[in-house]
Every structure is written in structure tokens, then in C-alpha cells.
Amino acid sequence: MRTIEITSEEREKAFSTVKKPEVIEKQKLDVRYHVEDYEVRDRPRRFLEAFAAILKHTNYRFALEHFVRVSAKCSRCSVQCPVYQVTGDPKDIPCYRSELLLSIYRRHFTLAGSLQGRITGKGAINDAIIEEMAESFWNCTACRRCTLECPVGIDHALITHLGRFILSEIGIAPRALVVSTREQLEGKTGNTSAIPVPALVDTLEFLEEDMEEEKGVEIKFPLDREGAEFLFTPAVSDFLMEADTLMGIAAVFTATGGSWTISTNYYDAINYGLFYSDRILERVIRKLYSESVRLKTDSILIGECGHASRSAKYYVPVHCGGENAKPVYNIMEYTYRMLQEGKLKLDPGIITEVVTYHDPCNIARQGWIVDRPREIIKTFCKNFVEMSPNREENICCGGGGGTVSIDEIRPYRTTVGGKAKADQIRATGAKYLIAPCANCKKQLRELVEDQGIDCEVVGLHDLIYKVIVFDKAHKKVTSEKEG
Amino acid sequence: METLLDFARGPLFRLTFIIMILGLLRVLILDIYGAVEAYRRAGDKRLDWKNAIIKTLRWIFPFKSAFAQRPFYSALSILFHIGLILTPLFLLAHIQLWEDGIGISWWSLPHFWADFLTILTIIAGLGLITGRLASRGARALSRKQDYFWLFILLIPFITGYICANTAISPSAYQAFMLIHILAGELIFVLIPFSKIAHCVLMPISQFIITLAWKFPARVDDKIAETLKKKGMPV
Ligand code: HEM
Ligand code: SF4
């Protein structure tokens, strides 16, 4: 990847802040995102206490020990970081970001480090370092590209993940994420978008009518059906913003005769814990899992959402019984399987425009779902072009790691975080950009708008909805009903 | 001078070499112990071993991965490592020392190739130093030890080359030889306590980071309790 230039106006816009000076002064926190008021006094001490408590009960310590021992400071990771490639600021080199936390670990939690620290009197944690971490860890989009490039195998994204977790324990976390999570875990609606059940039911009924009209087929969203094979849970924001994706998914289930259900008791797969707190991560996972237990479904099926899929896929087993936990799938896995089994037919003659595919970091980086969506797309798109690099080496949309939900940093996301992506999209000349992830979709729409790219951002199932072919049996159901 | 040299070649060599071996064993054992403990606590014990092995091999033999991004730097680094590892091990003069000491010996590099590798290592090392100094990013990252290592590692190569290839007076020879040996021994002692421990730790990195994402089950309550936050709202 080359270094990416941005103009000085763009730079100014990206780094400007909407925060009021008096708030910054009061919270002693010169960062661009909003933070709820928190106890400012004694931050360093409380940071260390939180760090110690986390080390005590988790598995981070052995990884930190290893990283501290091997870190070679070779700066190779810099070529992979989409943020550093734009800002060119050494502070945005992944290894530099990691060193902020590693040096605190070394100084306060290792014998050699604390001896050295006491002799030289240097390196102890202070307010300035906390402020630097609060900024640096949230400049990162948690895309994990740097991990691909570290020759000694340091996982910078794991360190950022831990850094954000510790900061959140002393009250420093983006307000946007905290407020949504509070509603999800403790609020009346129990979901991050605060959608009440009647509104959900209304929306789905409305979509059902629409689909019947458009397709001439009765397509249902089955609610609260005990014993279904899949408990389907999308990022809850899809119910507000991604109607086409949901309709596509319902259409696939109808065409393939799949057994699925949506729970009206809990219908949100968003898990901001993955972005800022392992404790939250765990609570959300357990809430999701207990819903599938309550409805006695065989498995959990996550909608088009990268972080929700990754958190459920990896942390349902961690917190809910290891190998014995119910399996978790992403909707693309189901659709692909149906295509393979010949149960799903897609019309290759409808979409003639150039189409490209964006790999969401959370499902592509580890090589989990990379070829399957491409094979689905190729069955109905003649004009499919790849962005480069792609698959496991994809470039982040620029809104990863929860930053997309922080509206006040939109200029940063669309000029710095997403600049490399914007260049990639432009180079394809695509009319449709498929991004099977709620977060990526939101970010990419803002990105193409702010960057003036003529391209429509859609979900994979949005297009499937356009091209799905129902056989006669389905059509009959509706005509009989009408007759 | 003679006695000093003999001391450096004999007891001091044995001592520092043992420190290095024991030190490396120590960090390796600590690392593996930590990983085993983490595995024991992990809520989900299924690991993607295959992926970790592939990634490890890709970095130990970085012919493809390394050149994709920074070909020049990678080439320097690889040549540097080849020289660092092969030259000391397969130099005839070193092997003879082992033979005299404990009676084992093995294949040695022909003289020409030994010289060639030595020069190559020195050039690659100087290249890496230049690279570090020339790049703004690398400069910002570098600690003192990062420069120190590139510098100290070259000393045995430079002095060794001088001793083997130039006609210098016996006393100058002895002085260079002493520096050569002492620098080598300093390196031995420091290896296990510095980033050069990567020579034994790097092969397990990919396993460590694969495992590190497998958290222990149910820690929310425990952390909350330790921090006296139980029952507090989000
Ligand atoms: C099997 C053994 C080894 C492996 C797999 C290995 C691998 C690596 C890797 C992956 C790096 C990181 C960045 C780069 O590519 O430069 C590195 C750097 C380095 N290694 Fe090794 N290494 C090994 C043995 C050694 C030994 C025995 C020494 C010295 C006695 C050494 C000295 C260094 C130094 C000084 C650097 C930093 C280079 C720089 O400043 O750019 N390595 N090594
Ligand atoms: S995770 Fe992505 S954004 Fe963050 S430091 Fe690494 S490469 Fe940069």
C-alpha cells in the first residue's frame, strides 16, 4: 500500500472537534468523541487498579508477557495501517499504539520493569499517558490488518482491545456506545436502537405486505416460534435502516423452506462489548444465548453484520459451554448452503451493472467467510469486479471497532479512516457495492457521500431479493389465498 | 593479554554460553507455561491450529509474506539473519574450538563463503541501521536497545573478519580477538533478557495470539467484584 495524501482542508476537517472546550477542561480529555461525565480525580491509580483486576481474572497476561519479550520495533506494521497511511503521524503506527499499553504493563506489572522504573524514575503512568491512550486507541478501527504484517507475531488489535477495556473501567468510553449498551442491557426496550416491540411487529408486518405485493408470494417473518432451527438475530438497526436486507433474508427462507424465527423478547445481535469491554461482551452474549435456550432453537443465526457475527461465533462457545454450545452461523453461510443444495435459484439476467464486494474485517480477516459470498454473487452477477487487496487482506471500511456509531467523528472516519477504502471503491467503478455488515454499510454510505463517489451501498441479500426466483408451488399459495 | 584471552575463551565462554541457554530456556518455559495456563482457563478450547502453523511457517521462511510489502527492508533483514545464524555456527575456527573443548565437530563453511557471509552480514546490518535512521516512522518507534543491538551484533563480525583476513601485528590481533570474544559473550548474556529472545519465542507467537482471543468463561462478575462494582449500572 502506498502512502495516501489528503489535502490540508480535509486534514483540518478530520481532526476538528465538536466538543466544547469547557467539557474538555472538565473531563480532562482532549479527544474527539463524547464521553459521559466520570470521576476525573486519581485516574492513573484507578487505571492501574482496573488493569490489575483484569489481569487477575483474564488471559491477557501471558500474551502481554510474550509481546514485551519479542517486540522488535521494526515498523513494518505501518505499511498495513489505513490510518497511519493517511495521517503519516508516527503516533498512529500500530506498534507505537501498542507500546503505550505495553510500557505501562512493563513498568507496573513486571519485576524488571518496576526495578528499572524505580532506578530511573521514568515511565510511570500519568494523566498525559491516559489521555494519549484515550485518543490513540479510538483512532484505530480495530481492523487487525497490522496483525497480518507483524513478523514477530504481535497482535496490536488485541492490545487496543484490552486498552479500551481498561479505559472503560475508569469511565472513558465513547458515549454513543455506552448509552446504546445501557438500553440494551438495562433499558425498557432491551436493544441498542431502543425499538419497542410494537414498532418491530408493525415494521415486519408492513414488510410482509410489501413483499407479497412485489413478489406475489407470501413471505413471512415468523415470530417467537419455539423449536425452530434458527433463532435469527440481526443488528437491530437493520429493522430501521436495512429493510431490503431483511426482505432478502425472509425471501431466501421462504424459497428454501427453512425453519427460522425472530424473537420479540430479544432481537438485537449488536455487541459493542467487542469494541470496548469484555464484561459487556460477555453479558450481551449470555443474553443472546439465553434467548435461544428459551425458544429451544437448534442454533443462532446472525444477520448481515460483521462484529455481531464474530462476537457470537467466537464468544458463545467461550461463555456458554465450549464445544457443547449451540452453533452460531452467519446468514451468508445458510444462503450459500441452500445454493449448493440447489434449493435456491437466482436469476442471472437482472443485475447487469458492475458489482463489487467489500469484505467486513470481522468475518474476513480470519478467513471465516470469504469465498462463499463471492460464489453467491457470481451466480447472479456477470459484472463482478474485485477490489484489491481483498479477502483476508481487505481494507477496512474506516468505521470499524465501533467508531461508525460515533457520529461526532464522521469527518475523521470519511477522510482518514476510510480514505484508503474510498480509493479502492473508486478504482472498481462499481455501481453496487455489496457490504454484508450493518456497520460497514452505514460507514460506506457516509463515505461515498462525503467522498463524492457514485455508487450504491447494499447488502448481499438486498440484491438477492431482486433476483430470487420462486417456483410455482410458492406462487400458488398466494393466488389461492387471493382467489 | 594471553591469560585474559584464555580466560575469555575458556571459563567466561562456558559461563556466558550457559547463561544464554538457561536464560532462553527460562523465557521459553515461562511463555509456554503461561500459554498452558491460559488454555486451561479458556472457555472454548478449540483452536485453529492449522492456521497458526501456516502463519508461523510463513514468517520463519518469509519468502512470500515479507516481500509483498517492504521488499528492500525484508531482503536486508533476511540476509542479516542468514549471516547471524550461519556464520558463527559453521565457521571452521569456531568448530575447532568445540572440538578442542568437548570433542564434537560438524560440517564447516569453506573459507570463501565464510568471508562472503561475514561481509554480507555487515552490509545488511549497516543497511538496517540506515533504514531505521532514515525512516521517520522507524525512528519514532526505536528505543535505545534497537540501535544498540544492530551495533553490537556487528562487532564480532567486523573484528572476526579483520583477524581472519588481514596481516596485522600479533598484539593487534590479540586485541581484536579479545574484543571479538567479549562482544560475542556480551551478546550471549543479553540475548535472553532482550528482544533477541525472539529467536526462540517467535515460533510460538501465532499460537499465543490465537489463544489470547479465547477468553476465560464468565469473568464479568469476578472483575466487578474485585473492583467493587458489582451490580453497578452499565
Ligand atoms: C530462528 C531464529 C530467528 C528468527 C525466526 C528471527 C526472526 C526475526 C524477525 C521476524 C524479526 C523482525 C523484523 C525483521 O524482519 O527484521 C527479527 C529481527 C531481528 N533479529 Fe531475529 N530471528 C532469529 C534469530 C535471531 C538471532 C539469533 C539474532 C541475533 C543474535 C537476531 C537478531 C535480530 C535483530 C537485531 C533484529 C532487529 C532487526 C532490525 O533492527 O531491523 N535474530 N528477527
Ligand atoms: S487494527 Fe487496523 S487501524 Fe488499528 S492499528 Fe492495526 S491496522 Fe491500524
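Author: Contact here means heavy atoms within 4.5 Å. This is a predicted model, where local features need pLDDT of at least 70, side-chain atom pairs count only at pLDDT 80 or more, and totals for chains, interfaces and linings use all residues. Residues are numbered from 1 along each chain as its sequence is written, chains are lettered from A and ligands numbered from 1 in the order in which they are written, and side-chain values use heavy atoms, with hydrogens and water left out.

Reader: Which domains does chain A have?

Author: Domain 1 covers 8-26 + 33-173 and domain 2 covers 181-468; the bounds come from an automatic or database domain assignment.

Reader: How many residues are in contact between domain 1 and domain 2 of chain A?

Author: In domain 1 of chain A, 28 residues are in contact with 34 residues of domain 2 of chain A.

Reader: And what area is buried between them?

Author: About 2700 Å², with carbon and sulfur atoms giving 59%. Buried area is the accessible area (1.4 Å probe) that two parts lose on being put together, summed over both. Of the area that domain 1 of chain A buries against domain 2 of chain A, 22% is supplied by Thr141(A), Arg144(A) and Arg145(A), more than any other three residues.

Reader: Switching to charges. How many salt bridges cross the interface?

Author: The rule finds two between domain 1 of chain A and domain 2 of chain A. It asks for a side-chain nitrogen of Lys or Arg within 4 Å of a carboxyl oxygen of Asp or Glu.

Reader: What is the distance for Glu36(A) and Arg182(A)?

Author: Glu36(A) forms a salt bridge with Arg182(A), and their closest N and O atoms are 2.8 Å apart.
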